[in-house]
Structures are given as structure tokens and as C-alpha cells.
Amino acid sequence: MGFMVKVGAMSLAGVMVAGNAFAASSAKCAKPDEVTAIQTAAIQQELMVAALTCNQVANFNAFQTGFGRELQQSDATLHKMFKRIFGARAGEDQFHAFKTRMGNDSSIRSIHDNPGYCHEADTVFAAALAPAKPTLATFVSGVTVQEQSPVESCEVRVAVSLGGG
């Protein structure tokens with residue numbers, strides 16, 4: 001019976017360690033609203049570069065003005081995510097480093113293929129500034145982001161549907 005108690009205790013300890021490891025890893029992932037904030041920041045940086053390199057300042061200003069409140073809320077969500085994941089001080093540094101890297105990467109893409117970059121920016125601006133303006137979250141969900149996310153998503157996604165597609 002002593003053996004059974006030891007095995008049971010070891011099994012329970014293993015479950016507790018695994019559970020704590022899962023909790024720790026899930027704390028370092030992005031929640032759905034944070035994933036949207038990451039996408040928003042990436043798109044905003046790409047459009048800022050387009051404003052400067054594609055002569056799209058008027059469109060960028062219209063984007064910033066039209067989505068102003070939602071952009072501020074999204075930025076606050078992103079900022080909180082970095083602080084939650086990395087801690088207050090390191091989170092602040094990581095937040096600024098991420099935004100700087102996105103701007104730099106967008107600028108490099110613009111330098112390598114400015115006509116193509118500007119063409120893509122035209123398409124994105126047209127969608128963002130359409131007469132039937134979508135919410136910011138809806139808009140960014142339809143734009144392909146070139147940047148790699150700074151963290152993994154907390155959501156588990158299934159690649160195949162029940163219909164086999």
C-alpha cells in the first residue's frame with residue numbers, strides 16, 4: 001500500500017508540475033484582443049512608412065483620424081500585453097523595440113520594392129478609408145501582416161474543418 005501512495009503522490013506532483021508549466025506558458029502568449037493589437041501595430045507602421053515613401057501623407061492622416069480612438073485603445077492593449085508578459089520595465093523596453101523593429105522592417109521592404117510596396121499600401125488605404133468604414137478589428141483581420149508576432153497566440157487553431165477543407 002505504501003508503494004501505491006508513493007506512486008499516487010508522484011503522479012499528482014507530475015500533474016501539478018505540468019499544470020504549472022501550462023499556466024506559465026499560457027501567460028506568455030497573446031490573447032485574441034492582443035493578437036489584433038499586434039496586427040494593428042504592424043499595419044499602422046506599414047502605413048506610416050507608406051505615408052513617407054509613397055507620398056500617402058493625406059491617406060495616413062485620414063486613417064489615423066478615422067480610427068483614432070480605436071488605434072489608441074489597441075496601442076494600450078499592446079502595451080499592457082508586453083508588460084504582462086515581460087514585466088513592467090522589460091515590457092516597456094520590448095514594446096518600444098517591437099514598434100521600432102516593425103517600422104524598420106517596413107522601411108526596408110519599401111526600399112527593396114517601392115512600387116510594389118506603394119501598390120499594396122494603396123489597396124490597404126482604399127479598404128481602410130472606404131465609405132462603409134469597418135471597425136478597426138474587422139479591417140486589420142483582413143490585411144496580411146508581414147511581421148512576425150513577438151509572442152505566440154494563446155488560441156489553439158485547427159487547420160482542417162469538419163468538411164475536410
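Select F82, F86, F95 and F98 to begin: these residues form one aromatic cluster. Rings of Phe, Tyr and Trp (its six-membered ring) pair if their centres lie within 6.5 Å; planes under 30 degrees apart count as stacked, over 60 as edge-to-face and the rest as tilted.

A word on the source before moving on. This is a predicted model, in which local features need pLDDT of at least 70 and side-chain atom pairs count only at pLDDT 80 or more, while totals for chains, interfaces and linings use all residues. Residues are numbered from 1 along each chain as its sequence is written, and side-chain values use heavy atoms, with hydrogens and water left out.

**Whole fold**

Zoom out. The protein has seven helices and zero strands. Helices (H or I, at least four residues) and strands (E, at least two) are DSSP runs, numbered from the N terminus. Of the 165 residues, 30% are buried. Buried means under 20% relative accessible area, exposed over 50%, partly exposed in between (1.4 Å probe, protein chains only). Among contacts with a separation of 6 or more, 78% join residues 24 or more positions apart. Contact means heavy atoms within 4.5 Å.

**Aromatic pairs**

How many aromatic pairs does a search of the whole structure find? The search gives six. Select F67 and F139. Their rings are stacked, at 6.0 Å centre to centre and 20 degrees between the planes. F67 sits in the loop between α3 (57–66) and α4 (68–86), and F139 in helix α7 (residues 136–141), so the pair ties together parts that are 72 residues apart in sequence. F67 is buried, at 1% relative accessible area. F139 is buried too, at 5%.

Now go back to F82 and F86. Their ring centres are 6.0 Å apart and the planes stand at 20 degrees, so this pair is stacked. Both residues lie in helix α4, four residues apart, about one turn of the helix.

**H79**

Stay in helix α4 and pick H79. At 21% relative accessibility, H79 is partly exposed. Leaving aside neighbours within four places in sequence, H79 is in contact with E92 and F95. F95 belongs to the aromatic cluster. H79 and E92 are 13 residues apart in sequence, and their C-alpha atoms are 7.3 Å apart in space.

**E34**

Move to helix α2 and select E34. E34 is buried, at 6% relative accessibility. Which residues does E34 touch, not counting those up to four places away in sequence? They are C29, T77, M81 and R84.

**Where α2 meets α6**

Last stop: show helix α2 (residues 32–53) with helix α6 (residues 114–128). Their axes come within 10 Å and cross at roughly 120 degrees. Axes are lines fitted to C-alpha atoms, for helices over the stretch in contact, and angles run from 0 to 180 degrees between N-to-C directions. That makes α2 oblique to α6. Angles under 35 degrees count as roughly parallel, over 145 as roughly antiparallel, 65 to 115 as roughly perpendicular and the rest as oblique.

Select the contact itself. From α2, take I43, E46, L47, V49, A50 and T53. From α6, take N114, Y117, C118, A121, V124 and F125.
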